[in-house]
Amino acid sequence: MASSPGTGSSRRGWVYSLLPLSSNSPQSNLTRKSRRRVFFRDFIFANFFTIGASISVLFFIAVVFRYGIQEPLSSSFRPKTFRPRKFKKPVYRKPGLLGGGNEVASAAVVDIMTKNLHDKIEFLDVDGGPWKQGWRVTYKGDEWNSEKLKVFVVPHSHNDPGWKLTVDEYYDRQTRHILDTIVETLSKDGRRKFIWEEMSYLERWWRDATDAKREAFLNLVNNGQLEIVGGGWVMNDEANSHYYAIIEQMTEGNMWLNETVGIVPKNAWAIDPFGHSATMAYLLRRMGFENMLIQRTHYELKKELALHKNLEYIWRQSWDAEQTTDIFVHMMPFYHYDISHTCGPEPAVCCQFDFARKRGFNYDLCPWGEQPVEINQDNVQERAQKLLDQYRKKSILFRTNTLLIPLGDDFRYISIDEAEAQFRNYQLLFDYINSNDNLTAEVRFGTLEDYFQTLREEAGRINYSLPGEVGSRQIAGFPSLSGDFFTYADRQQDYWSGYYVSRPFFKSVDRVLEQTLRASEMMMTLLLGYCQRSQCEKFPTSFSNKLTAARRNLALFQHHDGVTGTAKDHVVVDYGTRMFTSLQDLQMFMSKAVEVLLCIRHEKSDQNRSLFEPEHERSRYDVQPVHKIISPPERGAHSVVFFNPLEQTRVEIVMVIVNSPDVTVLDSNWSCVKSQVSPEWQHDEGKIFTGRHRLHWQASVPPMGLQTYYIANGYVGCEKAKLAKLKFLASLNELPCSTLYPCSKLDSDLAEIKNRHLTLTFDAKFGLLHHMSNKDGSKRVVGEEIGMYTGSESGAYVFKPDGEAQPIVQAGGQMVISEGPLMQEFYSYPKTKWDKTPISHSTRIYNGESTIQEFLIEKEYHVELLGKRFNDRELIVRFKTDLDNKRVFFSDLNGFQMIRRETYDKIPLQGNYYPMPSLVFMQSLTGQRFSVHSRQSLGVASLKNGWLEIMLDRRLVRDDGRGLGQGVMDNRPMNILFHILKESNISSTADPVSSPFPLNPSLLSHCIGAHLNHPMHVFVAKKPREASVQLPPRYFSPLSASLPYDLHIVSFKVPQPLKYSHQFHGDSRFVLTLQRRQWDSAYYCQKGRPQSSIMADEPVNLFYVFKDLAVLNVKATSLNLLHDDTEVLGYIKQSGDIVQEGHVIMSPMEIQAYKLELRLQQ
């Protein structure tokens, strides 16, 4: 059992969501009598524990006085049954406005931590016999005398939306037939059941289905024969996907399902993601889900949990001291989700009951020798008892006598004959078992809802709790657990850590589409919010179909063979093309929206040509974006517009590409802005200078707003951009200098770049970072190393190197330093044993007052792992620091929360690699921190003390035996960007080594991550204008002020743009989703760093967030927007003045969605 570390103040419940179910005014309208009632009620709430304790003491005294002191009961006594228990909602403290400072979330108290499981398990891979990864399961036979074994056989078909075939190919060849089969076969017999998961396929089938098929489908759903489980657009990956994209894909599927079929799913089904994240459990709970099922977890963890009957548990978030995030989980115990590994512990027996493997069907025969046979009256007794034996052995692994038996596999039930073979034979077996009372079992087809409902009913009658078990207030009888289930291994030492990095180019495109969709949603919402006439609604609503397509293309790629990089080459092309098309559509929409929001054109038509274009665009789905070259004519100027998608004013050094260094930057008021110009580099040893130039200046853009700058040529009265000074490595015979820039040789073995906070020192022999120094002179070793793994057993899924990674950089290469007033850069094209090196890299630091950039180090790696010379190689970068981290580090889960990681000697190297969707940091015992932020998902490890290692790309010839049938050879040139932060604590901090709990990023670190993952969107005027004709200032600033730095707008959108014009104007047609970040106050407000407001100091009021927009009809809702009864999610209704006045009251780590209406204030 784990307990709170006892640091920090206690947590004040989770999201006390504030707002009334319907409120049109920020003013309170309580009567005097109601105020007295509220005062009395609030007094009771505020003193509830004091009053209760007083009554308890008096009662105790009375009992002792009456009966005396009794003998203690034996601790081993545990009654078998007790009175039925009602479902208990979490207990909440009374909310109040948060006090000053950071409120540190308490740690969860749980029975099981996955970290402790890793500490305990020896990972010896002992052969267990028939159940190879377990043991020989036995039973006495009397286990079901008092409570009959209740077995639910759940037919299912796992349909990947892309893997070996594209989503369209799968639909045409298999999935549409499967759905047709389900409807027809279930309609024949009311005892038959089925579950379905992926809405991407169901939506397509629904469009194609006849009215009769649709009606039959609805009848099956309504009578409980067919259950939709999960109901997301896909069954998403849980390692690489960002929480924004997970919410989007779940919402897209759930909303379509609710609108079309009229149901809201409450049971989740995730049988194929390669490892499971605690973030998924949190999001599902906040979407109203009650139960979830998972499958792919490390086989040794399954064995350990099964030994103690802990395969069913309550998953609780690590910060949740009040059990508000609890969700019930069923973990499948065996190797796979196919029929051979789901009926019981012996696959050789279970395979005999996969009747689609009989000869005559298109599936492989059972590899264990014995094949399925048709059930008849002659063999039903023997067959039924053989199957029931497996059911009993499986039930021994669980606490209750309610048992789940999945019955399916990939793309099963494709024909009527196949479905009938399963349903017919199983029904004969069921009938025999159910007709023999001496077998003490009842078996039938069921859905997940049937299973969980029966299990909860049994757990309400029978006490399965163990002595001293924490459990959960929501459902008794099961342990509580916190942590995650990475890294997954399915057998021996085959760890699935390769897919964290496979196809990194498309992992990057995924994030670009994500941030572009989020920004486009914001723009559409603002356009409609500020629009008061049906005429101006036409432009944004005309984009609705393309917006929906973009949502669905992003959602589709979250599939566990999409963003993972584990699909066939032509399927990856299909995913990439879809994302590329949506990126083009979104950028076109934003280019036009800029004109309307800046009042250049008040009523933009979708048919009109845009005056602006994106500052960078892709020409194809598989290439990096290219910057537009800005070429202002003599005495002319080009407009450049920035959109800031963050909720705080953004002050940062920005960059565009110009054709000439002789330019000037002006702001929206036509005032001069200091700027710098430097050469643009490229990955080409023969010609590292492209001939174009990078123009930098410091821009300021309002929150969620637009700001205009001008790039002018020959503008009188302003200083031209400062030319950077270049220093080249001295070993070159000729300096590759441009005549435009001052140029000199670099003669020292060490090279430096610096700003007012940091000095970075490089080893000029190898072109790699060596150490960094603070302005106070303190030095920190940060040795950079670029290396490669080799190995012939790695594949798209599995990382299995032959040994440790070896350095690839040799002495020599080309290096150049660029020094300027705003940005300094060290560029290196390193020498390796290959003619064309696979990597080049830049290190940059910035000089921008009041920017967060001046505190970070920017590392950009250009990677080209192309050609057979790099076959079976995996490229990494290491940062070898002098931090004493004991090989403990912290990586993020889905960009939402941090989790503690530890390197174990008993686990092979590949098992010590973990997903890094956006952030990793390590911390010494003295509080020194080293953080690396990434703008895409990769893999990370800390294999030696003080080291952080990040994999950048992998090129693999062979298939790794997991069904894909190919390696990963379709590498693309790409850039990988990191923002590195070194921090020192200003107060005591938790011990990162001895404490099992995760640490949180600092507030500055959160801001750096937000800027990296939500970059500004830049638009350039297609035509220049005369610089002498000065237009009035062009900017757009919708927020009344910046929001606190620990409050993030996850999304601001119109959920149903196609229906917007048809909805009543009083409806809540907009949705605002907020997240309150948890940050480590030990690193807050360091001297010289920008002061940041936080929610504790500046509570947010939704009624006054916008300048000119009134916020009406605010309703708290679930994250999938389908539960307005927030008690289902654990929320409690607010009362009194706080509710009426609209304060946002959220605990750290919480995400909360609000439906609302916007109206332009007159």
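Helices (H or I, at least four residues) and strands (E, at least two) are DSSP runs, numbered from the N terminus. You are looking at a predicted model, in which local features need pLDDT of at least 70, side-chain atom pairs count only at pLDDT 80 or more, and totals for chains, interfaces and linings use all residues. Residues are numbered from 1 along each chain as its sequence is written, and side-chain values use heavy atoms, with hydrogens and water left out.

**First stop: the cavities.** Rolling a probe the size of a water molecule over the atoms shows where empty space is left. Here a cavity is a set of points, on a 1 Å grid over the protein atoms alone, where a 1.4 Å probe fits but cannot get out; lining residues have an atom within 4 Å of a point. Points are joined across faces, edges and corners, and a volume is the space filled by probe spheres set on them. Nine cavities reach 30 Å³ or more.

Start with the largest cavity, about 410 Å³. Select Gly-895, Phe-896, Ser-918, His-1006 and Arg-1077, which are the closest to its centre among 26 lining residues. Then colour α7 (243-260), β39 (897-902), α18 and β49 (1047-1053), each of which gives two or more residues to this lining. α18 gives the most, with five. By class, the lining has nine nonpolar, 14 polar and three charged residues (Ala, Val, Leu, Ile, Met, Phe, Trp, Tyr, Cys and Pro count as nonpolar, Asp, Glu, Lys and Arg as charged, and the others, Gly among them, as polar).

**Next: the end of α18.** Helix α18 covers residues 1003-1013, so select Asn-1013 in it. Asn-1013 is buried, with a relative accessible area of 13% (buried means under 20%, with a 1.4 Å probe and protein chains only). Leaving aside residues up to four places away in sequence, Asn-1013 touches Arg-511, Gln-515, Ser-918, Ser-934 and Arg-935 (contact means heavy atoms within 4.5 Å).

**On to the second largest cavity.** This one holds about 280 Å³. Its lining counts 22 residues, and those closest to the centre are Thr-114, Lys-115, Asp-484, Ile-899 and Arg-900. β39 gives the most to this lining, with six residues.

**Last stop: the sheet.** Follow β39 into an open, mixed sheet of 11 strands, ordered β27-β26-β33-β34-β35-β36-β45-β42-β41-β38-β39 (two strands pair if DSSP finds at least two bridges between them). β27 (743-746) and β39 are the edge strands, each pairing on one side only. Finally, select β38 (888-893) and β41 (919-923), an antiparallel pair with two bridges, where Phe-890 stands opposite Phe-921 in β41.

Note on methods:
Buried < 20%, exposed > 50% of the residue type's maximum accessible area, 1.4 Å probe, protein only. 1 Å grid on protein atoms, 1.4 Å probe; cavity = no way out; pocket = protein on both sides within 12 Å on 5 of 7 lines; lining within 4 Å.
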